[in-house]
Amino acid sequence: MGLVIYKTIIAMEENRLIARMLAEDKTTSSSEVNAYRMQNVGGYTFSYIVGIILLAALWLCFVLSKTWQKGCCGLIIGVCGYYIIQSMYTTLLLLTCIGAIVIIFMNIKEEKKLVFGVLVIILAFSLVPIFEYLSKIFSDVLLGEKFDNIAKTLSGGGVDEL
């Protein structure tokens, strides 16, 4: 997994949309895209597996007791998070964030759950400004456009914005 993540991140530095291009059907894709496949560059399915690995590492941070193990899990979370942002799969990013919120909520102490729940509710009501801010941060890539479309939809633009 580490090798494929490494090779895919390197390939995304050359071509930001390579993970999306690898989602094409193998029989109709170009020889350039197939060459990336032969180099173990991950595509659509692999990107979602990285999201699952991130969530599993986050869960392990709560379960494991040794500091070095939590540190390793933190490193895995960082690498997977970087990969997810670089792959520009908005749905994957949103699902991973929702999964992380659920994992955190399920694993924090009872007395902190109310505070965390209130923070999540505040976050939910602040989604439009958050997505607008993220669209400005990622303005030079596809992810920025998608965040802008989500902000427009949530602010009353309708589903057609998506």
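Visitor: Where is M88 found?

Guide: M88 is found in the loop between α5 and α6. First, how elements are named. Helices (H or I, at least four residues) and strands (E, at least two) are DSSP runs, numbered from the N terminus. Residues are numbered from 1 along each chain as its sequence is written, and side-chain values use heavy atoms, without hydrogens and water. This is a predicted model: local features need pLDDT of at least 70, side-chain atom pairs count only at pLDDT 80 or more, and totals for chains, interfaces and linings use all residues.

Visitor: Is M88 buried or exposed?

Guide: Start with the cut-offs. Buried means under 20% relative accessible area, exposed means over 50%, and partly exposed is in between (1.4 Å probe, protein chains only). M88 has 4% relative accessibility, so it counts as buried.

Visitor: What is phi of M88 near?

Guide: Phi of M88 is near 65°. That is a positive value in a residue other than glycine. N40 is another case: its phi is near 65°, again positive in a residue other than glycine. N40 is found in the loop between α3 (31-38) and α4. N40 counts as partly exposed because its relative accessibility is 40%.

Visitor: How many helices and strands are there in the protein chain?

Guide: The protein chain has nine helices and zero strands. From the N terminus on, the order is α-α-α-α-α-α-α-α-α. Along its principal axes, the C-alpha trace spans about 55 × 45 × 25 Å. Of the 162 residues in the chain, 32% are buried.

Visitor: At what angle do α5 and α6 pack?

Guide: First, the method. Axes are lines fitted to C-alpha atoms, for helices over the stretch in contact, and angles run from 0 to 180 degrees between N-to-C directions. Here, helix α5 (residues 67-87) and helix α6 (residues 90-107) pack at an angle of about 145°. Their axes are 8 Å apart.

Visitor: Which residues make the contact between α5 and α6?

Guide: Contact means heavy atoms within 4.5 Å. From α5 come I84, I85 and S87; from α6 come L92, L93 and T96. Now sort them by class. Ala, Val, Leu, Ile, Met, Phe, Trp, Tyr, Cys and Pro count as nonpolar, Asp, Glu, Lys and Arg as charged, and the others, Gly among them, as polar. The contact of α5 with α6 has four nonpolar, two polar and no charged residues.

Visitor: Is the crossing of α5 and α6 left-handed or right-handed?

Guide: A crossing is left-handed if the near helix is turned anticlockwise from the far one by less than a right angle, and right-handed if clockwise. The crossing of α5 and α6 is left-handed.

Visitor: What does S87 touch?

Guide: Leave out residues up to four places away in sequence. S87 then touches M12, A19, R20, S47 and L92. S87 lies in helix α5. It counts as buried because its relative accessibility is 0%.

Visitor: How many aromatic pairs does the structure hold?

Guide: A pair of aromatic rings is described by the distance of the centres and the angle of the planes. Rings of Phe, Tyr and Trp (its six-membered ring) pair if their centres lie within 6.5 Å; planes under 30 degrees apart count as stacked, over 60 as edge-to-face and the rest as tilted. The structure holds seven aromatic pairs. One of them is Y44 with Y89, edge-to-face, at 5.6 Å centre to centre and 80° between the planes. This pair links distant parts of the chain. Y44 is in helix α4 (residues 44-63), Y89 is in the loop between α5 and α6, and they are 45 residues apart. Y44 has 42% relative accessibility, so it counts as partly exposed. Y89 has 6%, so it counts as buried.

Visitor: What kind of pair do F138 and F147 form?

Guide: F138 and F147 form a tilted pair, with 6.0 Å centre to centre and 40° between the planes. Both F138 and F147 are buried. There is a cluster too: Y44, Y48 and Y89 form one aromatic cluster.

Visitor: Which residue lies over the face of F105?

Guide: A charge sits over a ring if NZ of Lys or CZ of Arg is within 6 Å of the ring centre and within 35 degrees of the ring normal. K113 lies over the face of F105, at 5.1 Å from the ring centre.
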